Amino acid sequence: MKFSKVGRGYLAIYDPTDPNANNRGYVPYHRWLVGKHNDRRVSKRKVVHHKDGNKLNNELSNLVVMLRSNHTKLHNSGAPWYRQASEN
């Protein structure tokens with residue numbers, strides 16, 4: 001597997017066959033991993049949130065899929081987002 005860092009500090013995996021791959025063939029690893037684990041890709045309406053805020057911690061237990069709108073609310077709430085995400 002070939003990895004690279006992409007925009008905003010996320011890890012990406014090289015998989016040019018993935019429909020979400022960028023023009024260089026890379027997919028954000030957290031989205032790719034959750035998609036493979038669930039045997040379907042993550043909808044563009046959803047985000048994969050890192051509960052602990054560490055963009056490089058891609059353990060499945062640290063990742064939660066949520067609607068993009070809920071993710072925005074979570075980060076704008078002012079509350080400790082890592083605690084809120086793990087309670088949803």
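Student: Which strand gives the largest share of the lining of the largest pocket?
Tutor: In this predicted model, a pocket is an open set of points on a 1 Å grid where a 1.4 Å probe fits, with protein on both sides within 12 Å along at least five of seven lines; lining residues have an atom within 4 Å of a point. Strand 3 (26-28), helix 1 (29-38), strand 4 (46-50) and helix 2 (68-76) each supply at least two lining residues. The largest share, four residues, belongs to strand 4.

Student: Nice! Which are the edge strands of the open sheet?
Tutor: Three strands form this sheet in the order 1-2-3, with antiparallel pairing (at least two DSSP bridges). Two of them pair on one side only, namely strand 1 (3-6) and strand 3.

Student: And which residue in strand 3 is the bridge partner of Ala-12?
Tutor: Strand 2 (residues 10-14) and strand 3 pair in the antiparallel sense over three bridges. In strand 3, the partner of Ala-12 is Pro-28.

Student: How many residues of helix 1 are buried?
Tutor: Buried means under 20% relative accessible area (1.4 Å probe, protein chains only). In helix 1 the buried residues are Tyr-29, His-30, Arg-31, Trp-32, Leu-33, Val-34 and Gly-35. Their cover includes strand 1, strand 2, strand 3, strand 4 and strand 5 (63-67). Helix 1 is thus mostly covered, and of its ten residues the number buried is seven.

Student: Which residue takes a positive phi just after helix 1?
Tutor: Helix 1 spans 29-38. Just after helix 1, a positive phi of about 60 degrees is taken by Asp-39.

Student: What share of the whole chain counts as buried?
Tutor: Residues are numbered from 1 along each chain as written, and side-chain values use heavy atoms, without hydrogens and water. Local features need pLDDT of at least 70 and side-chain atom pairs 80 or more, while totals for chains, interfaces and linings use all residues. Of the 88 residues of the chain, the buried share is 34%.

Key:
Buried < 20%, exposed > 50% of the residue type's maximum accessible area, 1.4 Å probe, protein only. Contact = heavy atoms within 4.5 Å.
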